[in-house]
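Please read them alongside the sequence and the model.

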Amino acid sequence: MADEIELLRLVGELIPEPTTDAWTRARAAIEAAKDDDLLISGMERAMRDSRAPARLAGRLGRRRWHVAVRWVAGGAAVLAAGVVALVAVVVPGSGHGSSGGRAVDAAYVVKRVNSALSAAGPGQIAQMMVTINNPAVGGGTTAATTVEEWSYGGRWRAVTYSASGHLVFDEGFSTASVYTVVDYRTRTWARQLRPGGAADLTPNPPGCSAVIGALPLLLQSGLPGGPPAGWQPATVTEALRAAVSCRALAVTGRQRVDGITAIELASRTDSPISETIWVSPGTYLPVRVVIRPPAGGQGPWQTADITWLPPTTQNLARLNVPVPAAFHRTPLAQAVAPIMQRIRAWARASTGRVRSRTSP
Amino acid sequence: MSPEAFEAAFRLHFAPVYRFISGRVGTAIAEDLAAETFAAAYRRRASFDPELGSLRSWLFGIAVNLVRNHWRAEQHLLHLDARLVPEVDLPDHAEAADRRVAAAWLVPRLAAALAQLTRDQREVLLLHAWAGLSPSEIAAVLEVAPGTAWSRLSRARAALRNSLGDFDFDLWVFSGPGQDPSRREPDHGR
């Protein structure tokens, strides 16, 4: 004869196991709790270093101070503001932060940027307006070329304008493997599956030097045919994320960018590429990237202003490369020759420098 | 608790905690509550004291407190379950299939009976039956004396039997824990 507990246990066997989503959600919640921990320890250290808690502790007592910090760390909006304040207190040169505090806070910001980019990769379209200033012979810079670019998953599109503002090239992958390029100067276009021949354009070194070197190339209107197979990262989001993950960047301050007080991350002095990334304190997504030649070096100076768009039908349409009806189709090699020439020259100048500076 | 120890605890206890919550408030809410259980556990990990109870009972204690905020959802689920025999996936193995069919038949009757219990009675019963906690572990979860947990469990069992009314336990024979039950004359739902 059964009893009531046995009956309950029998019914309990019908309760399903957790789904993959349930596991994923739980892991995300734990990671968020870890972030809060990091923030709390960072805030405590920052406040201690800046002598603020001494006054606060006098009023509240140590125990209530802990409660106050935990309360502050609880709200997402306050959390973001807290980090900004935190960064302001402990950035190098501010005179308040200890080296331990800087490490914690830089780690916190980098971690948040990394998480934001992970989430943005599949969920948002990166829209960029890239301005490229090439050095002129005899000093100064030539007139800037601008490239409007979109990157979303395996899809990518770049529209290049001349210094005088005329449309020059429109190119991109409407799917992960179909490449289209339109040359507005010759009124020609070409389309084919991912073409070969691009592999010799760029080095394929392992490790972080590759991703650091990849970022400028991705920003410069991409590569015809895309990066070689097996070369990661393949998207702007991944490139940014890899650059951040590789600890090539450090928090250096704050600056107003497009109306927001963005957190500034700059490449370390030993980095082969000089990059500065500004991230939104609310979303932790990059809003501006500037790439310069390293100190004393020559090369193009690029600025990319980034907007993150939801993948609506209208926004996804921006990833398509339209072909004007009157244009003539040509072989791909002929269509991309001018772009290849430009990229090859740039790659020779920039990635050669990466190689020489990262080689043992 | 080190990060490695916490990760090991998560791997070991997440599924049982999730299932306990899911059985009480449904899968939709369970995902959030189970996630919050472990996030809260991480935040409070310094407060875990093995001398006060096992890690398992500490985690279920957090889960129980979260579920308490969703008693309306639990009550609603029980009322729904009391009306319907759930559809179940049947495994190929005949004995296992029989066991799931029998369990499905029992759901409305047991849900109706559980709905009549007090929250405390239901809590102690399900911690024992679904979470598999011993009375001493339940005492740790509820932060009461072991003797109190024993007596609460005993009273809850009596209350459930009472709620089941004329349910004929003699018709249900279990050959052993986790094995095939057989019914002589199932008459539930009539």
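1. The interface joins 39 residues of chain B to 29 residues of chain A, two residues being in contact if their C-beta atoms, placed from the backbone, lie within 7 Å. On the chain B side, α1 (3-25), α2 (27-43), α5 (94-115), α6, α8 (146-163) and β1 (172-174) each supply at least two residues, and the largest share, nine residues, comes from α2(B). Helices (H or I, at least four residues) and strands (E, at least two) are DSSP runs, numbered from the N terminus.

2. This is a predicted model, in which local features need pLDDT of at least 70 and side-chain atom pairs count only at pLDDT 80 or more, while totals for chains, interfaces and linings use all residues. Residues are numbered from 1 along each chain as its sequence is written, and chains are lettered from A and ligands numbered from 1 in the order in which they are written.

3. Helix α6 (residues 119-129) of chain B has nine of its eleven residues buried, so it is largely enclosed by the rest of the structure; a residue is buried if 20 or more other C-beta atoms, placed from the backbone, lie within 10 Å of its own. Among the buried residues of α6(B) are Gln121(B), Arg122(B), Glu123(B) and His128(B).

4. Gly61(B) lies in helix α3 (residues 55-68) of chain B and is buried, with 21 other C-beta atoms within 10 Å. The C-alpha atoms of Gly61(B) and Ile138(B) are separated by 8.6 Å, although these residues are 77 apart along the chain.

Definitions and conventions:
Buried ≥ 20, exposed ≤ 12 C-beta atoms within 10 Å, placed from the backbone.
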